[in-house]
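Morning, everyone. Let me walk you through one chain, and please keep the viewer open while I talk.

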Amino acid sequence: MISRIKGELVEKAPPQLVVDVHGVGYEVEVSMSTFFKLPPVGAPVTIYTQFIVREDAQLLYGFADKYERSVFRLLVKVNGVGPKMALAILSGMTPSELASCMQREDVVALTRIPGVGKKTAERLIVELRDKLQAAEELTEDPLDFQLSGESLPVSQDDQKQAREDAESALLALGYKPAQASKAVASAERELGDARDSEALIRAALKAMLAG
């Protein structure tokens with residue numbers, strides 16, 4: 001079991017990153033909630049992890065704190081929810097927002113997440129409503145991430161790259177190509193020239209989950 005890694009952040013390509021630990025590069029898939037909190041490339045980083053072995057792959061998932069990791073572990077235990085869907089859920093909502101959604105029994109909000117149908121949403125609420133609050137009380141231990149600051153105007157080439165990165169991130173989270181393109185275009189109109197990839201993803205996710 002790989003529980004935590006500490007090293008240099010050498011690559012960021014949402015929702016994946018690479019952390020160099022004594023010359024070994026660990027590829028980690030993270031939720032966008034965690035990705036938005038990451039320091040710049042080249043900075044030291046510590047990430048809580050969950051190692052999952054499948055027949056065709058060995059995958060490492062990373063989280064900003066133990067609470068998010070605990071929620072991920074609870075999510076993948078629910079019938080019909082795999083790691084990819086769990087990451088999509090935690091990309092659309094922070095763990096605290098998800099817990100609040102569960103308490104409100106907000107099926108509609110959950111079904112806006114790619115792959116989550118009505119039956120899965122109802123199953124999530126029934127199985128996790130009480131467990132999420134308990135997990136927060138037991139595991140709250142945030143890492144010292146620096147939140148991203150305000151986005152600044154970028155060049156046209158950088159804007160094009162940001163658009164491609166944002167669409168790729170949304171596709172990796174399970175959104176359909178048409179949904180991703182439409183959401184990113186809407187985010188570009190909202191943000192104007194201040195639209196790096198992280199700002200675009202954040203705005204696109206917010207728009208899609210707001211309905």
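One definition before we start: two strands pair if DSSP finds at least two bridges between them. Also keep in mind that this is a predicted model.

How many bridges join β1 to strand β4? Five, and the two strands run antiparallel. β4 covers residues 44-53. Two pairs to click on. Lys-6 stands opposite Thr-46 in β4. Glu-8 has Pro-44 of β4 as its bridge partner.

Turn to β2. β1 and β2 are also joined by five bridges, and they too run antiparallel. Look at Leu-9: the bridge partner in β2 is Val-19.

Now the whole sheet. In what order do the strands close into a barrel? The order is β1-β2-β3-β5-β4, five strands, with mixed pairing. On average, neighbouring strands of this sheet are turned by 55° against each other, direction ignored. As a reminder, strands of a sheet pair through backbone hydrogen bonds, either parallel or antiparallel.

We have nine helices and five strands. Reading along the sequence, the pattern is β-β-β-α-β-β-α-α-α-α-α-α-α-α. The chain has 211 residues, and 46% of them count as buried. Take the contacts with a separation of 6 or more: 61% of them come from residues 24 or more positions apart.

Next, helices on the sheet. α2 lies across β4 and β5, and runs at about 15° to β4. β5 is residues 58-63. α3 packs on the sheet as well, touching β3, β4 and β5. The direction of α3 makes about 15° with that of β5.

How do α2 and α3 meet each other? α2 is residues 66-76, α3 is residues 83-92. Their axes come within 9 Å and cross at roughly 135°. The crossing is right-handed. Which residues of α2 make the contact? Glu-68, Val-71, Phe-72, Leu-75 and Val-76. On the α3 side they meet Pro-83, Ala-86, Leu-87, Ile-89 and Leu-90. By class, the contact of α2 with α3 has nine nonpolar residues, no polar ones and one charged.

α7 is residues 156-172, and α8 is residues 177-191. Their axes come within 9 Å and cross at roughly 140°. That makes α7 oblique to α8. α7 passes α8 in a right-handed crossing. From α7, the contact uses Arg-163, Ala-166, Glu-167, Leu-170 and Leu-171. From α8, Pro-177, Ala-180, Ser-181, Ala-183, Val-184 and Glu-188 take part. What is the make-up by class? Seven nonpolar, one polar and three charged residues in the contact of α7 with α8.

Last stop: two individual residues. Start with Pro-15. Where is Pro-15 placed? In the loop between β1, residues 4-13, and β2, residues 16-21. Is Pro-15 buried or exposed? The relative accessible area is 7%, and the cut-off for buried is under 20%, so Pro-15 is buried. Leaving out residues up to four places away in sequence, Pro-15 touches Val-28, Glu-29, Val-30, Met-32, Ala-169 and Ala-172.

Now go from Pro-15 to Phe-35. They are 20 residues apart in sequence and 7.0 Å apart in space, C-alpha to C-alpha. Phe-35 is in helix α1, residues 32-35. Phe-35 counts as buried, because the relative accessibility is 2%. With the sequence neighbours up to four places away left out again, Phe-35 touches Lys-12, Ala-13, Pro-14, Gln-16, Val-30 and Glu-198. So where does Val-30 come in? Val-30 is on the contact list of Pro-15 and on that of Phe-35.

One more distance. Phe-35 and Phe-63 are 28 residues apart in sequence, and their C-alpha atoms are 8.6 Å apart in space.

That's my tour. Over to you.

Notes:
Residues are numbered from 1 along each chain as its sequence is written. This is a predicted model: local features need pLDDT of at least 70, side-chain atom pairs count only at pLDDT 80 or more; totals for chains, interfaces and linings use all residues. Side-chain values use heavy atoms; hydrogens and water are left out. Axes are lines fitted to C-alpha atoms, for helices over the stretch in contact, and angles run from 0 to 180 degrees between N-to-C directions. Helices (H or I, at least four residues) and strands (E, at least two) are DSSP runs, numbered from the N terminus. A crossing is left-handed if the near helix is turned anticlockwise from the far one by less than a right angle, and right-handed if clockwise. Contact means heavy atoms within 4.5 Å. Ala, Val, Leu, Ile, Met, Phe, Trp, Tyr, Cys and Pro count as nonpolar, Asp, Glu, Lys and Arg as charged, and the others, Gly among them, as polar. Buried means under 20% relative accessible area, exposed over 50%, partly exposed in between (1.4 Å probe, protein chains only). Angles under 35 degrees count as roughly parallel, over 145 as roughly antiparallel, 65 to 115 as roughly perpendicular and the rest as oblique.
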